[in-house]
Structure formats: C-alpha cells, structure tokens
Amino acid sequence: MAAPPSFAAMAAREQQKKAPLEKVQVEGQVILKIAQHCSQNEGATISTGQLLGLDVGGTLEVTDCFPYPGNSGEEHEEVGEGESYQLEMMRCLRETNADNNTVGWYQSTISGSFQVVEIIETFVSYMESLERCVCIVYDTTAALGGALGLKAIRLSEQFVEAYREGSLTIEKIRAKGLSWRDVFVEIPVAVHNSPMAAALAAEVAPPSEVTALDYERLNLGVAQLLEKNLEYLNDCLDDVMVEQGKLSMYQQQQRRQLQAVAQFKVQRRQENMARRAAGEEPLPEDPPEGMFKPVAEPNQLDNMLLSNQMASYCQHINSATQQALSKLTLMEGLQKGL
Amino acid sequence: MASKFWAASSSEEESEEEVTTSEEETSSDEGSSSDSDSSSSSSSSSSGSSRKKGASRFLMGSSDSESEDERRVVRSAKDKAYDELRATCNEIKNKMHINDWAAIQTLFDKLNKQLERTQKVTQSLGVPRAYVRMLCELEDFLNKTLAEKPKLSPTNTRALTRMKQTLRKHNAAYTEQMRLFRENPVSETEEEAPSSSESESEESGSERELNTEEEEEAKFKSVRTGVVQRPKDKLLTMDPKEITYEMVQKKLQEIAMARGKTTRIDRQEQIEMLTYLSGVTKGPVQKLEVLINVITVTFDMNQPTQNAMTVPNWNRCAQTMFDIMVLLDENRHITLTDTPPEEERIEEPEAGTPTQVWGNLGAFLERLDDEWNGSLKALDPHANEYMERLKDEAVLLALAQKVSDYLQAHNELDKLAGVALKRIQHFYYKTDVVYAAMRKLALQRQQDSAEAPEAPTAALDAEVVDGEEAEGATELIVVKIPHDFNIPESCAELVEQLARVVYAHGNDNQKGQAMLCTVYFRCIRDDFYGARDTLLMSRIQEQTGQLDAKMQVLYNRTIAQLGLSAFRAGLIFECHQCLMDLYGTGRVKELLAQGIQQHRFQEKTPEQEAAERRRQVPFHMHINLELLESTYLISAMLLEVPAMASSQSTDVRKRVISKPLRRLMDNYERQSFTGPPENVRDHVMAAVRSLATGDWRRAYSYVTALSCWSLLPQKEAVLGMLRNKLQEEGLRTYLLAYGRFYSSLSIAQLCDMFELPERKVHAVVSRLIADDGLPASHDQPTGTIVVHHVEPTRLQTLAGTFSDKASLLVDLNERALAMRTGALHTDDDDGDGRRGHDGAQGGRRTRLGGRLGGVGGFGGRGGRGGRGGRFGDRERGSGFMPAEGFAGGVFGRGRGRRTSMQRDSNFTELGQFGGSARRGRT
C-alpha cells in the first residue's frame, strides 16, 4: 500500500482538478465486511455503515469500513447518538492510525428498493461536506441467488443541481433535460486485494472449478426471483398510480383555477366598461396578488425514483430470465447432442 | 270572518239555532261537528278555516238548501261569540269573589269588545242577556263593595274607583235593558225558553215572507230568501227582459275587477251572479264571456298548490266547459284568443260576424286535469270516493276530445299538442283490460246522460230553475257526456295518433313526455324491444339531469316498466340493467313519486317536502313496488349467484353486480336465527341461499311463494320462464362452485339434477368452458365432462395483476397527456413545441420498450407517443359509448355501461385476468 499523501495535499488537489470519478476501487476485505454486516441483519431493516478510504484522481479507493449500530436513518431521536458513535469511531481509528477519511457510506437493499427520497437526502447532505462521495449498495437478494450484488452509485450533477433549486416540477425537469435515468450514476467497481490476500485466496481455493461436477449451475430456479420482482413491480405500480392521481388532481385544480381567472377577467372587463361609461378610472385587469394562489405542483421526484426502481426490477427480471433461457438452450443443445 | 257576509244576509235574531229542523240536523252533520270544534278552541284559525270549508261545501248551489246552510253557519259564529262572552262573564264573577278589581277592569273592557264583535256577527243591535245580567251583577257588587269598603291594595283601590266611573257611564246606555232584566231575572238555563218562542215568531215571519214570495212569484221568479236581503243584487230582482246588454256587461266587469282581491265567499256570490247572468245574456258572445268568467272565478276559489278543487266545483267547471264547447260549436264565428280584449264591447255583435272572446281552453282543460289529479291525491285510494272520482276521467276525456276538436278546427296547433299530451297521459298507463273497462264505463255514462233529462244544464240555467231539480244539482252536478264523444276500441291506435300530434306540433318537453308515455305504453303491452328502441332513439337517457322533476319521475316510471317488461320477456340481464339504478339509490319511492320516504340523515325543508308531495303520482297510476322489488331482486339473484360462485372458486375479487342484493345478503348472514321468509326480501334471500348450492327446486318454491306474481296477467308464462332460468343458473352455479371438486361429471346426472334436456346442459357447460369459468372439456363417448385441475401458479397470478395494473396506468397516462395537450394548452406554438418534445420522449421510450422487451406493459406503452393514435383512440371511445350499451340512467346517471367481456388475445391463457384488465379500462 502506497504511503498516503497528506490530507492537506489531497484536499488541495481535489479542489484543483475535479476529474470525474471513473471507478471505485474496493478492497476485498471491505466487501466481505459489508456482506457480513448486511446479511447478518437481513430482513426488515436496512443496515448501513461508513466507507473509509482515499480519493485518488479518477478512482476512489475504499480501503475500510465500519457499520453503524442499528438503523441510523429511520428513527430521528437516535440520529444524534449515531453521529456521536460515528465521531467516536473515527477518533478511535485515527488513534490506531488506520484510514479514517470518509468517502461515503454503504447500505443494504432488496433489489432496487434503495432508490427512495431518503438516499437522495443523505447524498445531498454528504455532498455538502464531501463532494466526491459514493454509496455502495449491497443487494441481499442477489446474494441469495449466489451472485454479488454490489453497486457503487452517486447522484448525477444535473440532478443535484436541479434538486438543490427546490421542488422538481415538470417544467424544470424538461428544461434541464432530466429524465428518470439521470438521477443516479453507477460507477464501475473494481475489487482490489492485497497480494497477501490474493495469495491466501489462491491457497484456500479448491484446485479447479472447471473439473468439479457443478450441476447446481444448471438450476433453473428463477421462479422465486421472478415472483419477488413482480411483487415489487406491482407495489411500484400502485405507487405510480397514486402519483398519477396526484398529477391529474393538480391538472384539474389548475384548469379550474384558469377558468376562475378567466371569469374574473371577463367580469372585470365588463366592470371596466361600465366604469369607462361612467367616466371612472378602469381597474387593472389582472387579478390582485394572492387572490388566486398557484396550485402546488406535485413533486416529480417520487415519480422519477419509482421509475428507477421499476427499471431495476425489470433489469433483474431480464437478467434472470436471460440466464434461464440460455441455460435452456444449452440443455436443448446438449440433449440434441446426446 | 268568512261567515260575516252570510250572517248579514240572514235574519237578525240571536237565537236562531232553534229554527233548525230535524231534517236539517241530519243533513248538516259535518257542519255541526265543525261547530263544536270552533266553539271549543276559541278563535284559532284552523277551526275558522274548517268552518269555511264547511261553508263553501254546502253553499254551492242555489235557493233553499243554501239558505239552510246559511243559518247553520250563522249559528256557529254566534255560538262562538256567545261562548266567549259567557266565558268572560264567568271570569269576571270569579274575580269578583276575590275582589280583584284590576282584573275585573281589564275583563270588563274585553267583555265590551266581545259584545261589539258579537253584535257584528249577529248583525243585531240586541244585547245578550248574559251581558245584561253581568252588568247588573257588577253594579250590585260595586255598590256593595263601596258600601263595605274592604281593605284593598292601592292598585285595586284605584281600579275600583275607575270601575265605578266607567260602569256608571256605561250602564247609562243599558238602563232600559237592565231594568227589564231586574224585573224578570232569568237564569241562563232558562234562557232557552223565551228564545224558542222568539224563534217561532221568526219562523212564522219567514213563512210570511215565503208567502209573499209565492204571491209575487210571477214577478220574481228566482228570488231567494238569502238573496232578497242583499241590497246590491238589484239585477237579480229585475225582470230578465228588462236586463240590457250593458247591465250584464257592467256586472261582468265588476266581477272581473274583483278578481284576486276578495275572499272566497265573495267568489261564491260571484258565481251565483254569473250563473244568473248566463241565463239573461243577450247573445252567444256575451254568454260565452260569462261562462268563461264562471270558470276563472271557480278556479280562483282554491290554491292549486295547497288543496284540490272540491268535487261540485270541479263538476261545475266541467259542465261549464261543455256548455262553452256547445256554444262554440253552434256559433262558429266566435273564436277564443289568449289576449284580453283591448276595448270593451258595448253591444252584442251581429250574429255571424267573426268575433274574438278572451279565453284559453287548453289552459282551462289543463287546470281541470290538474285539479282532478290533485283531488285524487288527496283522497284515500282505498275508499269508495276514490273510485267515484276516478269515474270522472271519462268526463275529462270527453272534454279533452271536444277541446282538441275545437283546437284542430281553429288550427291552434301548439295548444292542440298540449291537449293531446294530456290525453296521452290519461291512456299511457292503462293496460288493455283497464282501458276496456274505462271505455265501457264512459260509454255507459254517455248513454245515461243521453237518456237523462235536461236537468244538469237546467241547474246552471237560472231562468228555468226548478226548485227540486236545482237542489239535486247542488248536491252533485252530474256532468253530461255529450253524445258525440267516441272512445275508440283500440287504445294503442289512439295513443299512437295522439303521440303523432304531439311529435308534430309540441315543444321539446311535450315531445319528450309523449315519447316516454308511448314507451311506457309499449312496455305494459310486452313490447320490450319496441319500447327500448324508441327510448334509445330519443337519447333522452343522456340528458336526464336536465329534465324537470316531473319528467324525471315519468322517466323513472318508464324505466321501471321497461325493466318489468324485460323480465316478463325473460330478459334477465336487461331487466337488471333497467332496475339497478332505481334500486341502487335505495329511494325507489321517491324516484317513482309513489310516496314520501323519510331519510335518516337528511332533513327536508318544508318547501322540499311540499314539492315532493306535489310530484306524487295518483294511486291508480302506481307501479306495484312489491312486484318491482321482487323482479329486481330475482333478476339480480340470477346474475349475482353464478358470479359469486365463480369468484369463490378463484380468489380474484370480481365486480359486484348488484350492491343492494349483496347488502341484503350480508344482513341476512349476520342474523343468528333466520325464520321462515315473510316479505319479498326474505323470500329472495332464501332463494339465493338455495340457489348458491345449486338447489334450484327450493329456490323456485321460494320464489313462487311470492304473492305479487298474481298481479301479472301472464303469471304462468313468467313462472315457467323463471323456472327455466333457475334451472340454468342453478346448473351454472353448481358447476362453478363445485366443479373443481370433481374429476368428471356425468351429463346424464346433471340432466337429472336440473331437469334440463341434454342439449341445454351441453350448451351451458360449453358456454362455461368457453368463458373460462370451468377448466373442463367434453368427453362425448362417455357422456361426461372431464374437469382439468389447472390452478394458475403464483407467478401467473402476479403477472396477471401486473398486466392489469400496467394497462390501467397506461390509460391514466394517456388521459393525463390528453388533458395537458388538449384542454390545458390551447396556445398553439407552445403546444406544438411541447408536443414535439413529447414525441421525442415517446421515441426514446419505444427504444426502451424494445430493450425491456418481454416485461409486461412496457412494450405497449412505448409505442404510444404519437398524437394521431391517441386522438383516434379517444374518438373511438366516445363514439363507442352510446352505441354500445343500453343503460337506464336515473337522474342523470345515464352513462353507457360496458357489458362486453372482450378478452385480450395476449392473455388468453390467463383467462379471467385478461377479462378484468379490459374491464379496468372503463
């Protein structure tokens, strides 16, 4: 491991050139830690933890992590406690001369369900102090399927900009050219192991995977995955419909208001004509301020996030079915061959 | 005080009550009961009005009976006054006992006022003995008190001194009476004796009067006791030959001027006057004017919004109308106009010259019809009087025919349409049997009136008045149906013909009503398809909200009949569609205007209630609610029970077909003990329970136990149809509910169970298989149905739900987009730019859709970016709705209901999900 450059230098460099984050390099040990933590209290709660590491040029090296106790995000009275724990932990790490530079956080998720408003809020608050932070999302369902569901994500610049300006309206989204796919940016993850670890792995690993009889790989058990994802999709659709309802309500209200304004104007015009006939000053035609309060447009954020979630579910389904299909064709070929 | 005037016309004597003979007592039972009312409840307005009613009831006609009535009324007023007087006297006596002079003083003032009133009422200057006695007693007591000088409170002392002064002043006027009284002090009980003697003398006096009348009969033919004393009726005492045109005209004008100001009693007088005038007129034009005035004055005698016209009044109106018609017929040069004449006619126009007289026959007829309806509403429908009144319909119809003949001859087409509509409204609810009965009655009556002597007309003709006959006529003017009234044998033709007239000349409202009436008419003659087509052609169901209440009621009645007719024809689905809107609201009575329903949570204002009361349909036009309810519930049962069975077997919740039935079932199931069925609902519920297990026999026995089937003329056919339906639905329900527990079912067994022919069973089963209700197939060689047990996997279920939701979402999206582009942004440039953007997004979505390929609704969703496709969709939708479904909307809820259960070809494997997805789109 290269000698870490001083913090001051790093900070200065960071400010000098804002090279876009190209990849996240995660230590194998970190992944194991995350996986352990997340699978420990898999289920209802989301497990979260802090990522520590270094920001080197285009890559963000994640060298260590520690979990947060319980669920930090959900209960507000524990926020203070969580923070103090975090600070205490950081202090301890510094004392032991370990890496203690925060680069982001990790959290567990079930499929794509991490894409909610909270994560965006957390991101924005992180980004206030730390421009180049990432969130590593660990998908526990993928782990059940025997795959490593690890993803490093951050928010896109455009989105953050738009988000900071306030409520996301349709107009704004359109003006910025944002779409639901532009909310999150996925950064490629590279796993880095120290030579020692690699050596150990080579030592521990079974002699050859190719020669071993591995019929498990031909298992077509996608039904469970599909079911789950479909369920989530259905839930999402319900939510989207709620959003849709809000939108149509808004449209109705707005239309009604426009009518009311038009009516007011017509009335005023008539009144003005009468006044002019009577030789009085005409009143201004526009309705006075505050008479018609603009109808609050529903925030589009939820909609975008829901779209994201749905997209990820669909992707899961896609990949699962793709695998299953390829297995099927394989089997078909095999049987023909036999 | 209504009776004031009548009192004035009678004699002065205070104790006239004794004049009443026993005959009169019997004839005026009602009157005397109202008397006791009025005397018991001092001067409350209600008793006053009841007396008024009594008065007008008996004061209709002429001469003798009238004068009797007069006396009776007077007696009541006097009685009341006397009772009040006596009560005050007693009170004064009571106060005297406790030496309360302040109270005595106020009571004395009151007594004096009452005396004044009494004198006004009795029109006599005489002083009641009770009063005189009171004065004596008061004087005595005063003197006594002054002599004794008891200790009194300051107020009392002051009152005493004042009393002394007033009494002295007051008694000066009555010294003579008091002296007489003191000479002969009689107690109150003894009072009757002298008064009877007095009355005897009075009677002899009146006899004397009568004698003189007889003597002078040649001169005063129509003089009556009551009339003679009226100073203003000079005209009546004159020789008819001396009465000139101007005199009549003047009188007529006088009466016309008095319209709207005077009380009811004046009107009575006016009518008498007019009847007299009509006899002495100098020509048909004037007579016509007089007769028209008779009608208008009679119409003024009651408030149409409050209570209906009395029967004699009504009869008088009808007869007068007939007279007018005869007059008009005889004098074809006279026409009636709506506009009142600008200048007064001074002389009777030459015979044969075209003349215009003010009057609107159509309006008169309409009013007469309304009054007839109103009186029916007021009567108890189960009493004999109702039947009697109902018989007058013939009169009304004859009159309507006359009027429409006249209107047709004079080419007043808009009024003709109104009259034709009125006539339709008398026919449309009559079945052939009822019509035939009515026709018979009318003809009978026509014959009777042709045979009868000229009595009824004589009653109105003052010149030929004959005592006996006139009296009979007052009791009941028998309206003569003219001989040329013909009522065709076929009601259908008549209605058709009348409807044509309305369609040709009526306004929109009239046309609508006529149309609804014909639809109703067809319905009760079992022409369901004809009725339905007529109704649909009119498109009236789309605008039920804009109709006025009366027409909405008619519309609802029509829909109800349509439902009943569909049921009789065995069209269960149509029947349910018609009736569900009526029963869905739970206020059938209100919708059909057949009674006032009280609602638990909403209070009606009195105005609303009065309006509702006015809307009510007379009893003889009612649609039997019990029959309607059983029809509705049974049709709902036949549809709902198989649907419930199919939703039980698959756990997807299906749309509820009939909410009221479901509600009833929930209630029924909540009961811990269920007794034997009593009412319609119980019966149907019991039938539902049996049918749900496929036990059609018991269901049928429950249904046939309903009593209302006897109301149907074609009872056997309907019950046969019901039996058939129950068998089929029973089979369907049985298969849906229990089919999955079998691996195979023998068709022969099923035939046996449901007593159906094999072909029918085959048909029902095939239909079920085709509709994905039963996963089975026919096995012809063995004559069985083989059931496949295929349950959808969880994944399939989920996918089905997903497709449902996705399609719903797409729909919502499209709507939102349409609103955004169509309704909200009319500004063209802006809209175009945005649409371009949309298009681009749509395109992107298409690509995405392609990428996501197999995932549910996404593929379809991407494609719909373009504008043309969207609008095409919408247009198709709007054109589709009215053509598609027949739906009986009630009160504006006439939206088309999509009934087709089209299946999406993509989802045939998943059967019911596809179906529900399509349904979700509506």
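**Entry 1: the sheet in chain A**

I began with strand β1 (residues 23-27) of chain A, which four bridges join to β8(A); the two run parallel. I looked up one pair: A:Val24 has A:Val189 as its bridge partner in β8(A). This is a predicted model, where local features need pLDDT of at least 70 and side-chain atom pairs count only at pLDDT 80 or more, while totals for chains, interfaces and linings use all residues; side-chain values use heavy atoms, without hydrogens and water. Residues are numbered from 1 along each chain as its sequence is written, and chains are lettered from A and ligands numbered from 1 in the order in which they are written.

I noted the terms. Strands (E, at least two residues) and helices (H or I, at least four) are DSSP runs, numbered from the N terminus. Two strands pair if DSSP finds at least two bridges between them.

Next I traced the sheet. Eight strands form an open sheet in chain A, in the order β7-β6-β5-β4-β2-β3-β1-β8, with mixed pairing. Its edge strands are β7 (184-187) and β8 (189-192) of chain A, each pairing on one side only. From one strand to the next, the twist averages 35°. Strands of a sheet pair through backbone hydrogen bonds, parallel or antiparallel.

What lies across these strands? Helix α2 (residues 28-40) of chain A lies across several, including β1, β3 (59-67) and β8 of chain A. I found α2(A) running at about 40° to β3(A). Axes here are lines fitted to C-alpha atoms, for helices over the stretch in contact (heavy atoms within 4.5 Å), and angles run from 0 to 180 degrees between N-to-C directions.

**Entry 2: chain B**

I turned to chain B, which has 42 helices and five strands. Of its 922 residues, 47% are buried. Buried means under 20% relative accessible area, with a 1.4 Å probe and protein chains only.

I checked strand β1 (residues 334-337) of chain B. Four bridges join β1(B) to β2 (residues 355-358) of chain B, and they run parallel. B:Ile334 has B:Thr355 as its bridge partner in β2(B). Both faces of β1(B) are covered: B:Ile334 and B:Leu336 are buried on one side, B:Thr335 and B:Thr337 on the other. In a regular strand the side chains alternate between the two faces of the sheet.

Last, B:Glu412. I located B:Glu412 in the loop between α19 (393-409) and α20 (413-427) of chain B. Why does B:Glu412 count as buried? Because its relative accessibility is 16%. B:Glu412 touches B:Leu336, B:Tyr406 and B:Leu407, leaving out residues up to four places away in sequence.

Notes:
Buried means under 20% relative accessible area, exposed over 50%, partly exposed in between (1.4 Å probe, protein chains only).
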